[in-house]
Amino acid sequence: MLDNVGGFEYTMRVKEGSFTIILVGHWNKYILTPDWIGKNIFKDDQIGVDVAFNLALPNRYTSQKSNVMLVPSSNNVTLVSLKPEDQCLENAETFAHALVSLLPATPVQAYGFNFGYTEKINDDLMKMFDFNDDNWFKEQEIATTHKSIHRRIIVEDTAVNLRISHDNENISFDFNYHNDVKSTEDVKKNIKGAALKNKGISEKVLKTVYKLDFDRVKEG
């Protein structure tokens with residue numbers, strides 16, 4: 001869905017930093033140092049290091065060459081595709097595969113993929129948020145300040161958690177693909193090719209169900 005004001009204006013956007021791969025487990029942060037990550041995962045000797053001033057937050061390591069950020073914590077490792085391009089997603093997936101291959105003894109419970117998009121509010125899409133109990137709240141003079149929809153759907157034999165929400169300007173579509181595993185070996189067997197497959201499923205849903213235009217999608 002596009003607004004035409006002196007030519008086409010993009011409305012469908014990828015949410016910045018929303019394309020992620022998460023490996024849930026008990027990770028040894030003392031192994032995941034900048035030197036080790038640069039040498040063994042990124043294969044890049046010039047990685048960027050963002051040190052968190054809040055001690056409760058993890059540091060972030062970035063390979064500009066690959067456009068991927070790695071954020072390690074004791075409970076999970078998150079790989080962020082810094083651009084919504086297929087090559088960046090494939091890079092992140094390759095790094096996730098390398099990580100579980102090099103640290104096979106790490107107890108891993110799950111891995112997942114996340115993809116987020118926004119579209120400017122329009123009347124057709126806002127009809128989704130017309131709930132049956134809206135009038136009940138009005139009758140009781142109770143104001144509703146936020147609405148969201150959570151669905152678990154099956155697309156192409158793949159389970160997807162879909163959350164749709166809105167603010168005053170945009171509607172957000174957040175897709176989550178969660179996979180429980182017993183070991184790093186399960187991740188190694190199944191993660192290859194999954195990032196682009198799941199991105200394609202997300203965009204198929206937005207295009208076919210919500211009639212959103214992906215020919216002109218751009219980074220938010």
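Contact here means that heavy atoms lie within 4.5 Å. The structure is a predicted model. In its largest nonpolar core there are 52 residues, and helix α2 gives the most to this core, with seven residues.

**The nonpolar core**
- The residues with the most contacts inside the largest nonpolar core are F173, F175 and Y210.
- Setting aside neighbours within four places in sequence, F173 is in contact with several residues, including F115, Y117, L125, M128, I164, L206, Y210 and L212.
- The contacts of F173 also include G116, E119 and R163.

**Helix α2**
- Helix α2 covers residues 86-102 and has 17 residues.
- From its first C-alpha to its last, α2 reaches 24 Å, close to the 24 Å expected at 1.5 Å a residue.
- Among the buried residues of α2 are C88, L89, A92, F95, A96, L99 and V100.
- The buried residues of α2 also include N91, E93 and H97.

**Helix α3 and D124**
- Helix α3 consists of residues 123-126, and D124 is found in it.
- D124 is exposed, because its relative accessible area is 53% and exposed means over 50%.
- The C-alpha atom of D124 is separated by 32 Å from that of L89, a residue 35 places away along the chain.
- Whereas D124 is exposed, L89 is one of the buried residues of α2.

**The largest pocket**
- The largest pocket holds about 260 Å³ of space.
- Its lining is made up of 17 residues, and K29, L57, P58, N59 and P72 lie nearest the centre of the pocket.
- By type, the lining of the largest pocket has eleven nonpolar residues, five polar and one charged.

Note on methods. Residues numbered from 1 in each chain as written. Predicted model: local features only at pLDDT ≥ 70, side-chain atom pairs only at ≥ 80, totals over all residues. Heavy atoms only, no water. Helix = DSSP H or I, 4+ residues; strand = E, 2+ residues; numbered from the N terminus. Buried < 20%, exposed > 50% of the residue type's maximum accessible area, 1.4 Å probe, protein only. Core = buried A, V, L, I, M, F, W, Y, C linked by side-chain atoms within 4.5 Å. Expected span 1.5 Å × (residues − 1). 1 Å grid on protein atoms, 1.4 Å probe; cavity = no way out; pocket = protein on both sides within 12 Å on 5 of 7 lines; lining within 4 Å. Points joined across faces, edges and corners; volume = space filled by probe spheres on them. Nonpolar A, V, L, I, M, F, W, Y, C, P; charged D, E, K, R; others polar.
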